[in-house]
Amino acid sequence: MPNLQRVLSNMDLAYDWRFDVDGDGEYQALTDGLLIIRYLFGLKGATLINGAIGQWATRTTAADIETFLYGLIDTNHLLDIDDNGSQDALSDGLLLLRWMFGLNGTALTNGAIGAGAKRTDPSAIASFIRIHHYADQMGTFDRALIKTPMPAVEGVVNTILIVN
Ligand SMILES: [Ca+2]
Ligand SMILES: [Ca+2]
């Protein structure tokens with residue numbers, strides 16, 4: 001019998017959490033945020049992932065994490081949060097990490113806007129992160145809709161497990 005929490009976690013993955021680097025269905029500053037900022041610093045292998053993989057992670061090896069981050073950052077360039085044309089640890093990475101910690105306003109952006117940035121307003125920065133973080137194939141949606149307790153969904157999952 002699969003662990004229900006794990007099943008629900010994997011269901012969340014269907015929504016394409018773009019910054020859920022370790023693939024556990026959640027975004028966390030001290031796992032996903034840390035992995036992103038370390039990667040932007042150029043760390044690879046064990047120094048990239050040590051202590052930064054969540055308990056329910058589906059990407060657990062340095063190779064898995066590097067492949068995911070390569071797609072996110074090197075291929076799709078989704079981490080130029082301040083829109084200055086480059087993806088940097090101490091601006092873009094820090095902005096994302098602070099956002100994951102729940103900071104907003106100037107606490108989000110102070111000292112973390114890169115030279116030549118075109119996106120500098122805290123609310124514009126937060127909106128950009130939200131849009132990319134919550135995007136799924138159908139556009140954008142409110143994370144609260146599916147991250148609140150889901151008794152109805154648990155019922156469906158239990159039904160599926162019993163039927164199958
Ligand atoms: Ca995660
Ligand atoms: Ca940037």
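**Exercise 1. Determine which residues of α2 meet which residues of α4, and how the two helices are oriented.**

*Step 1.* In this predicted model, Leu35, Ile36 and Tyr39 of α2 meet Ile65, Leu69 and Ile73 of α4. Two residues are in contact if their C-beta atoms, placed from the backbone, lie within 7 Å. Helices (H or I, at least four residues) are DSSP runs, numbered from the N terminus.

*Step 2.* The contact of α2 with α4 has 6 nonpolar, no polar and no charged residues. Here Ala, Val, Leu, Ile, Met, Phe, Trp, Tyr, Cys and Pro count as nonpolar, Asp, Glu, Lys and Arg as charged, and the others, Gly among them, as polar.

*Step 3.* The two axes come within 11 Å and cross at roughly 75 degrees. Axes are lines fitted to C-alpha atoms, for helices over the stretch in contact, and angles run from 0 to 180 degrees between N-to-C directions. α2 is therefore roughly perpendicular to α4 (65 to 115 degrees).

Residues are numbered from 1 along each chain as its sequence is written, and chains are lettered from A and ligands numbered from 1 in the order in which they are written. Local features need pLDDT of at least 70 and side-chain atom pairs count only at pLDDT 80 or more, while totals for chains, interfaces and linings use all residues.

**Exercise 2. Describe the packing of α2 against α5.**

*Step 1.* Helix α2 (residues 29-40) and helix α5 (residues 89-100) pack at about 175 degrees, with axes 9 Å apart.

*Step 2.* The pair is therefore roughly antiparallel (over 145 degrees).

*Step 3.* Among the residues making this contact are Ala29, Ile36 and Leu40 of α2 and Ala89, Leu96 and Met100 of α5. By class, the contact has 9 nonpolar, 2 polar and 2 charged residues.

**Exercise 3. State how many residues of α2 are buried, and what they pack against.**

*Step 1.* A residue is buried if 20 or more other C-beta atoms lie within 10 Å of its own.

*Step 2.* In α2, 10 of the 12 residues are buried, including Thr31, Arg38 and Tyr39.

*Step 3.* These buried residues pack against α3 (46-49), α4 and α5.

**Exercise 4. Examine the length and bend of α4.**

*Step 1.* Helix α4 (residues 62-75) has 14 residues and reaches 18 Å from its first C-alpha to its last, close to the expected 20 Å (1.5 Å times one less than its number of residues).

*Step 2.* α4 bends by about 30 degrees at Leu69, the bend being the angle between axes fitted to the seven residues ending there and the seven starting there.

Methods. Parallel < 35°, antiparallel > 145°, perpendicular 65-115°, else oblique.
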